[in-house]
Amino acid sequence: MIWQILLTIPYGQVMTYREIADIAATKLHKEHMSAQAVGGAVGRNHIEIIVPCHRVVGSNGSLTGYAAGLLIKKKLLQLEKIDVSKFRIPKESEN
């Protein structure tokens, strides 16, 4: 379900973990789904180029959770002409 939602994120756009959780909850007829659960599903993606998990960002503006590293995630977003100046890499994840 989560991967299907990831596939709907258009090139050059991002979606938050919260937005994906809300969409999934609606599709599953649930009142709520946690953004952390979405993060877990996104983190299991081993085909990052086909399922574009680099387009998922934190609702607080942070670039989080990319297996290839957050600097790669930032570069991929820049390749898609996404303004990354509005996002930040959390201090504990900078390496």
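I take buried to mean under 20% relative accessible area, exposed over 50%, and partly exposed in between (1.4 Å probe, protein chains only). By that rule Glu-80 is buried, with a relative accessible area of 7%.

**Entry: ground rules**

I am working on a predicted model, in which local features need pLDDT of at least 70, side-chain atom pairs count only at pLDDT 80 or more, and totals for chains, interfaces and linings use all residues. I number residues from 1 along each chain as its sequence is written, and side-chain values use heavy atoms, with hydrogens and water left out. For helices (H or I, at least four residues) and strands (E, at least two) I use DSSP runs, numbered from the N terminus. Contact, in these notes, is heavy atoms within 4.5 Å.

**Entry: Glu-80**

I placed Glu-80 in the segment after H4. I then listed its contacts, leaving aside neighbours within four places in sequence: Tyr-11, Gly-12, Gln-13, His-54 and Arg-55.

**Entry: H2 against H3**

I looked up how H2 (residues 17–27) packs on H3 (residues 35–43), and found an angle of about 100 degrees with the axes 8 Å apart. H2 is therefore roughly perpendicular to H3. The classes I use are under 35 degrees for roughly parallel, over 145 for roughly antiparallel, 65 to 115 for roughly perpendicular, and oblique for the rest. The axes are lines fitted to C-alpha atoms, for helices over the stretch in contact, and the angles run from 0 to 180 degrees between N-to-C directions.

From H2, the residues I find at this contact are Tyr-17, Arg-18, Ile-20 and Ala-21; from H3, they are Ala-35, Val-38, Gly-39 and Val-42. I sort the residues of the contact into six nonpolar, one polar and one charged. In that sorting Ala, Val, Leu, Ile, Met, Phe, Trp, Tyr, Cys and Pro count as nonpolar, Asp, Glu, Lys and Arg as charged, and the others, Gly among them, as polar.

**Entry: the two sides of H3**

Which residues of H3 are buried? I get Ala-35, Val-38, Ala-41 and Val-42. They cover an arc of only 115 degrees around the axis, so they sit on the same side of H3. The arc is that of the directions from the helix axis to the C-beta atoms. On the face turned away from the buried side I find Gln-36 and Gly-43 exposed. The cover over the buried residues of H3 includes helix H1 (2–6) and H2.

**Entry: the two sides of H4**

For H4 (residues 70–79) I list Leu-70, Lys-73, Leu-76 and Leu-77 as buried. Viewed down the axis of H4, the buried residues fall within an arc of 115 degrees, and therefore line one face of the helix. Lys-75 and Leu-79 are exposed on the other side of H4. The buried residues of H4 pack against H2 and strand S2 (56–57).

**Entry: the core**

I define a nonpolar core as a set of buried Ala, Val, Leu, Ile, Met, Phe, Trp, Tyr and Cys residues joined through side-chain atoms within 4.5 Å. The largest one has 28 residues, and those with the most contacts inside it are Ile-2, Leu-6, Ile-20, Met-33, Val-38 and Val-42. H1, H2, H3, S2 and H4 are the elements that give two or more residues to this core. H2 supplies the largest share, five residues. I followed up Ile-2: not counting residues up to four places away in sequence, Ile-2 touches Ile-20, Ala-24, Met-33, Val-38, Ala-41 and Val-42.

**Entry: positive phi**

Most residues other than glycine have a negative phi. I noted His-29, a residue other than glycine, with a positive phi near 60 degrees. His-29 is in the loop between H2 and H3, and counts as exposed at 74% relative accessibility. Lys-81 is not a glycine either, and has a positive phi of about 65 degrees.

Leaving aside neighbours within four places in sequence, I find Ile-82 in contact with Gly-12, Gln-13, Val-14, Leu-77 and Phe-87.

Lys-91 is also in the segment after H4, and is exposed, with a relative accessible area of 68%. From Lys-91 to Trp-3 I read 28 Å, C-alpha to C-alpha, for residues 88 apart in sequence.
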